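Please look through the structure shown below before reading on.

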Amino acid sequence: MFNLFPYNAKFDFFGKRKYAYIISALLLIASIVSLSTRGINLGLDFTGGVVLEVGYSKAADLDAIRADLKKNDFKEAVVQYFGSSETVMIRLPPAKGQNQNQLADHVLSVLKKQDAGATMRRVEFVGPAVGKELFNSGGLAMIVVLSGLLIFVSLRYQLKMATGAVLTLSHDLIMVFGFISVTGIEFNLTVLAAYLALAGYSINDMIVVFDRMRENFRKIRKGTEIEIMNASVNQTMSRTVITATTTFLSVLSLYIFGGEALRGFAETLLVGIVLGTFSSIYVASSLSLDLGLKRKDLLKLTDKEKLVDTAP
Amino acid sequence: MNRYPWWKNLLIILVLLLGIFFALPNLYGENPALQISKRNAVMDQAAVDKAVAALKAANIPVKSARLEDKDGLIQFSSTDAQLKAVNVVREALGEDYPVALNLAPAAPRWMQDMGAKPMYLGLDLRGGVHFLMQIDMQAAIKTALERRVDGMRGDLRKANIRYVAADVENGNEIALRFPDAAARDAALKSMAGNYPELKFNTEERNGEPYLTAKFTDAGATAERKAAVDQNITTLRNRVNELGVAEPLIQQQGDDRIVVELPGIQDTVRAKEIIGATATLEFRLVSGTPTDWVDAEQSGRVPPDARLYHEKDGRPILLKRQVIVTGDRITGASSGFDQRSGSPAVFVNLDGQGARRMADITGQNIGKQMGVVFIEHRTETKMVDGKPVKDKKVIQQVINVATIQDQLANRFQITGLDSPEEARDLALLLRAGALRAPMDIVEERTVGPSLGAQNIQSGVNASILGFALVAAFMLIYYRVFGVTAVVALAVNLILIVAVLSLLQATLTLPGIAGMVLTLGIAVDANVLINERIREELRNGLTPHAAIKAGYERAFATIIDSHVTTLLAAIVLFALGAGAVKGFAVTLTIGILASLFTAIMVTRALVNLIYGRRVRLTKISI
């Protein structure tokens with residue numbers, strides 16, 4: 001049998017949870033600092049405005065394009081390469097005093113004058129009101145997912161575990177936000193999808209550990225809470241690492257082949273999977289332990305068992 | 001002993017066969033094709049034969065040609081041939097047969113007859129335009145009231161009730177002014193029953209008797225709904241005129257319409273045609289040229305007339321009463337005036353419109369009639385950082401002609417600048433007017449080359465993802481890895497089959513969801529296999545370990561899948577566009593993996609190990 005993680009390991013996870021907390025705290029602080037100073041690079045979906053992706057037959061001259069756009073009154077245009085030097089992305093903020101939905105056509109006609117080989121690959125225009133709506137529904141989605149998971153975990157398991165899980169999830173999501181902020185990934189609808197999928201994945205990971213804890217608390221009558229939880233994490237370690245690996249591999253292929261459109265999506269998931277794995281092993285269980293999780297919390301006995309147990 | 005009852009094996013085989021059958025059309029791909037329809041009628045075989053004959057004459061090879069549903073479909077083996085063919089067919093069949101470029105499934109006919117179609121690709125994969133249009137409901141209510149004011153004027157005339165003025169005020173209220181309270185009360189009595197959707201009110205303003213009317217809540221709701229419905233119908237007509245295959249036009253929310261046009265290249269023209277609000281009105285001319293100039297300079301317009309301008313800016317007075325509006329037009333085509341050779345639009349009116357036109361022109365031979373071209377334009381300007389919509393209604397008199405003879409249901413309009421203008425006006429008149437003006441609030445255009453590239457990226461990522469996950473599972477779990485990989489392949493087939501069957505839109509994020517599912521789906525197998533290993537270590541026999549492994553992992557698998565499913569469903573419910581595609585494939589993938597990872601692998605394991613009575617070792 002080939003094992004990534006030795007099956008009989010007795011690694012003392014919870015004795016060392018101090019260090020995990022310190023690492024977590026540092027990353028959290030870094031994330032919050034970056035979020036409050038750099039903020040998040042909100043994409044067109046949420047801000048409104050116009051994005052054009054223009055293809056050229058040879059490497060495009062960005063300075064010439066910028067100068068040309070400036071001459072034609074597109075002073076706030078952001079011009080950059082998109083994936084390759086033959087593809088250029090132009091971003092315009094919500095326009096002033098112009099008919100917005102004709103903006104893209106104007107820009108394209110300016111570029112075509114400069115280089116007839118310029119072809120429109122993609123145009124996106126989002127009105128400011130629609131942007132705000134998408135932003136709000138995105139926020140709502142996040143709240144609904146988090147509260148849905150809280151309810152599910154507290155029904156299936158235990159409120160302290162659920163609280164631990166949701167705290168952990170918030171911790172993961174803040175860190176991923178921090179990562180998005182530090183790297184300047186454009187936060188658009190696709191990245192939001194990755195972000196919410198990550199919430200599902202992260203909880204999924206925690207559930208497997210929780211499930212084993214519940215089983216062990218019922219099965220192993222001797223031993224302290226810490227011992228039993230350590231055993232549970234050790235037993236599920238292989239699975240946690242293997243699933244993280246296969247998911248990581250599949251997202252990696254998206255990162256390699258998915259192209260520019262899925263880059264932010266893949267990067268968010270890659271980092272999120274690593275963080276989610278770390279936190280489901282360490283943070284979630286440690287938190288529920290420190291929230292005062294006791295053996296009796298998980299010994300939900302059937303009526304029959306209760307009768308036997310109360311007998312002298 | 002581990003054996004599945006025969007019906008479980010049968011069920012798995014059945015599901016697998018169905019999956020393969022419905023996934024198969026995707027392997028055949030699609031052929032470039034032309035879709036031919038007939039304007040206002042059902043397509044006929046004769047026209048298809050005519051098109052095929054013309055193609056034969058032009059030496060363009062045709063793969064197949066047939067009538068399908070309401071359209072003719074001619075398939076080609078290359079895009080080259082298709083592009084050459086479109087002009088040939090258009091010329092051969094003429095203006096009454098809109099021809100659209102399309103992709104037709106290449107799967108055999110019997111498969112398609114059984115409902116097996118390839119997946120429906122989203123705009124980011126096939127290229128095209130997506131518009132989100134917002135209907136201006138205030139304007140819709142205002143024009144609805146204006147229509148009713150016209151009707152009320154007629155009612156009052158007919159009932160011989162004198163009134164001083166009848167107008168729409170503040171965009172939401174009809175205000176009728178009367179010379180005395182008796183006339184007002186008579187008016188209320190005669191009209192109240194005719195307008196159940198309005199709420200009438202009598203009041204005094206500056207001591208003068210007024211009758212006002214507003215929409216009731218139900219009336220306003222009905223009017224808003226009618227505006228959305230008619231705009232959708234009009235948009236559908238216009239898109240058909242543009243020759244777009246498989247357009248999607250549907251309501252979103254209370255006051256928005258989504259328009260998706262796959263494969264369209266000329267977005268500028270598409271936008272012009274879709275957003276255009278142009279329509280026509282025919283009115284009699286009032287007064288003489290000196291009256292017109294006087295009216296403009298003094299600002300005093302006779303009560304039965306309105307001041308307009310011609311294209312060159314000269315003022316002209318037309319009667320308030322409309323002879324016929326654009327919605328009475330049933331047909332329009334463009335061409336040239338035979339005498340002057342200038343561009344013209346030939347118009348057909350419906351029965352009611354033709355009767356009115358005949359009545360009024362018959363009584364007014366020798367007098368002049370003006371054609372008013374009406375267009376709504378909205379420009380968004382930023383004032384103090386907030387977008388403010390500036391609405392303009394352009395009303396131009398494009399043509400004034402002396403009525404030579406009684407006009408009936410067919411006549412021509414000249415005074416247009418170019419043949420293109422005539423062609424577009426004819427198209428808009430044919431398709432009908434929008435009931436309320438609309439703004440484009442969101443637009444996404446993807447060029448066809450980017451679409452093809454996105455498909456390639458998606459396919460490459462899926463292949464690599466599958467290969468990496470499969471290699472890992474095979475090395476790690478050996479025989480049990482083989483079962484997991486087979487299950488994964490079945491999972492992929494089922495996702496594709498369900499997507500094809502539902503005809504749900506596959507987008508690039510949808511493909512990403514599929515690839516992500518590959519990684520997540522094996523989780524169930526990892527849980528099972530780790531559990532079996534554990535039970536073996538605990539000293540169970542292989543058979544007992546397999547049984548215990550599958551049984552004990554089951555609850556965990558359900559719990560962990562439900563959480564991911566929960567996230568996916570919320571994404572679907574609240575997500576827009578691209579996110580929805582991701583949520584759909586993720587949801588289908590997770591549900592399918594419950595079946596494949598648990599039942600399919602178990603059946604395979606049973607097949608491999610189940611019959612061996614003295615099983616001492618398993619490869620896991």
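In this predicted model, B:Asn206 lies in the loop that joins strand E9 (198–205) to strand E10 (208–215) of chain B. Although B:Asn206 is not a glycine, its phi is positive, at about 50 degrees. B:Asn206 counts as exposed, because it has 6 C-beta neighbours inside 10 Å, where 12 or fewer is the cut-off for that class. A positive phi is also found at B:Arg478, which is not a glycine either and has a value of about 45 degrees. B:Arg478, however, is part of helix H14 of chain B, and with 14 C-beta neighbours inside 10 Å it counts as partly exposed. The table sets out these values for the two residues.

| Residue | Phi | C-beta neighbours inside 10 Å |
|---|---|---|
| B:Asn206 | about 50 degrees | 6 neighbours |
| B:Arg478 | about 45 degrees | 14 neighbours |

The contact between the chains takes 65 residues from chain A and 63 residues from chain B. On chain B, at least two residues each come from helix H10 (267–275), strand E18 (368–383), strand E21 (438–446), helix H14 (448–502), helix H15 (508–537), helix H16 (542–574) and helix H17 (577–609). Of these, H15(B) gives the most to the side of chain B that touches chain A, namely 15 residues. Sorted by class, that side of chain B holds 36 nonpolar residues, 16 polar ones and eleven charged ones.

Strand pairing also links the two chains: strand E4 (residues 119–126) of chain A pairs with E21(B) in the antiparallel sense, over five bridges. Within E21(B), B:Glu443 is the residue that stands opposite A:Phe125.

In chain A, helix H4 (residues 103–114) has twelve residues, and from its first C-alpha to its last it reaches 17 Å, close to the 16 Å expected at 1.5 Å a residue. Which residues of H4(A) are buried? They are A:Ala104, A:Val107 and A:Leu111. Seen down the axis of H4(A), these buried residues fall within an arc of 65 degrees, so they line one face of the helix.

Key: Residues are numbered from 1 along each chain as its sequence is written. Chains are lettered from A and ligands numbered from 1 in the order in which they are written. This is a predicted model: local features need pLDDT of at least 70, side-chain atom pairs count only at pLDDT 80 or more; totals for chains, interfaces and linings use all residues. Two residues are in contact if their C-beta atoms, placed from the backbone, lie within 7 Å. Helices (H or I, at least four residues) and strands (E, at least two) are DSSP runs, numbered from the N terminus. Ala, Val, Leu, Ile, Met, Phe, Trp, Tyr, Cys and Pro count as nonpolar, Asp, Glu, Lys and Arg as charged, and the others, Gly among them, as polar. Two strands pair if DSSP finds at least two bridges between them. A residue is buried if 20 or more other C-beta atoms lie within 10 Å of its own, exposed if 12 or fewer, and partly exposed in between; C-beta atoms are placed from the backbone. The expected span of a helix is 1.5 Å times one less than its number of residues. The arc is that of the directions from the helix axis to the C-beta atoms.
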